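My notes follow in the order I took them.

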Amino acid sequence: MEADRIREGWQAGRDAWPDVDLAEEDFASYVRERAQPSQASPRWADLYLACACARGVAKALRAFDVLLAKAVTSADVRQHVRHKLLVAEAGKQPKIAEYVGRGPLRTWLRITATRASLDLAASAKREVPVENDALELIVGAGRDPELDFFKQRYAKEFRAAFGDAFAALGARDRTLLRYAFGDGLGIDAIGTIYGVHRATAARWVVVAHEELVQGLRKTMMQRLDLKPDEYASILRLIESRIEVSFERLLKM
């Protein structure tokens, strides 16, 4: 595309999203990579926002959330769309970079949301609830003889206690732990999904982690008929394993 047209498109994007700071050369490169000879009038403002989101511009991600909320009513679907479009796989650009400006970005989001709804429905039918395997996801399995001994001896009580503790968490805390330990996402990726700074994402995970440990302590005391020294030993062991997993997450 001609340089003058791209410059006009960049200016149109700045006018539409004045709070979103995007360099003209970044926008020009983004457009040239996606330009098609037959594409007479791209959606310049939408291309500008998509480009800024692909580059992780914080105010663009917040604007994306506003646009997504207008296009999609379901919070679960919105979360799925954020993950699908904004979190990049290793060595790749996020899926939002596939938007080429043929039609309104809002329409593109609705199409993505429809597919996400179908994915969620299919997943709900075949997926084993994460609560059933939360202990394995967060604590780990098969690597500590002492932990394995306790888990074999108190397998039923272990799973029930941990399931109760996990289920008692708020919906966002459960989702955060799924992302962190089930999907293996780092703090930066979680922050991108929620459109918040990594420090905020880390703080949320810290709170979810603390709530889980407190709930685990409470439910184990209620469910496990143990001597005080046995209970203390098990709890110290499990909490130490959770801490190891948690510290590893924060370093990602």
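I began with the buried residues of helix α4, and I found Ala60, Leu61, Ala63, Phe64, Asp65, Leu67, Leu68 and Ala71. Buried means under 20% relative accessible area, exposed means over 50%, and partly exposed lies in between (1.4 Å probe, protein chains only). Helices (H or I, at least four residues) and strands (E, at least two) are DSSP runs, numbered from the N terminus. I then checked the span of α4, residues 58-71. Its 14 residues reach 20 Å from first C-alpha to last, close to the 20 Å expected at 1.5 Å a residue. The expected span is 1.5 Å times one less than the number of residues.

I noted the ground rules next. This is a predicted model, in which local features need pLDDT of at least 70 and side-chain atom pairs count only at pLDDT 80 or more, while totals for chains, interfaces and linings use all residues. Residues are numbered from 1 along each chain as its sequence is written, and side-chain values use heavy atoms, with hydrogens and water left out.

**Overall count**

I counted 13 helices and 0 strands in the protein. Of its 252 residues, 45% are buried. Contact means heavy atoms within 4.5 Å. Among contacts with a separation of 6 or more, 69% are between residues 24 or more positions apart.

**Helix α1**

I moved to α1, residues 3-16. Which of its residues are buried? I found Ile6, Gly9, Trp10 and Gly13. Seen down the axis of α1, these buried residues fall within an arc of 100°, so they line one face of the helix. The arc is that of the directions from the helix axis to the C-beta atoms. The face turned away from the buried side carries exposed Asp4, Glu8 and Asp15. I looked for what covers the buried residues of α1, and the cover includes α2 (24-34) and α3 (44-54).

Trp10 has a relative accessible area of 15%, so it counts as buried. Trp10 touches Leu22, Ala23, Glu24, Phe27 and Tyr48, leaving out residues up to four places away in sequence. Trp10 and Glu24 are 14 residues apart in sequence, and their C-alpha atoms are 6.3 Å apart.

**Ala50**

I went on to Ala50, in helix α3. Is Ala50 buried or exposed? Ala50 is buried, at 0% relative accessibility. Leaving out residues up to four places away in sequence, Ala50 touches Tyr30, Ile96 and Tyr99.

**Helices α11 and α12**

I checked how α11 (residues 187-194) meets α12 (residues 198-223). Their axes come within 8 Å and cross at roughly 100°. That makes α11 roughly perpendicular to α12, a term for angles of 65 to 115 degrees. Axes are lines fitted to C-alpha atoms, for helices over the stretch in contact, and angles run from 0 to 180 degrees between N-to-C directions. From α11, the contact uses Ile187, Asp188, Ile190, Gly191 and Tyr194; from α12, it uses Arg198, Ala201, Ala202, Trp204 and Val205. I sorted these residues into 7 nonpolar, 1 polar and 2 charged. Ala, Val, Leu, Ile, Met, Phe, Trp, Tyr, Cys and Pro count as nonpolar, Asp, Glu, Lys and Arg as charged, and the others, Gly among them, as polar.

Technical notes
Angles under 35 degrees count as roughly parallel, over 145 as roughly antiparallel, 65 to 115 as roughly perpendicular and the rest as oblique.
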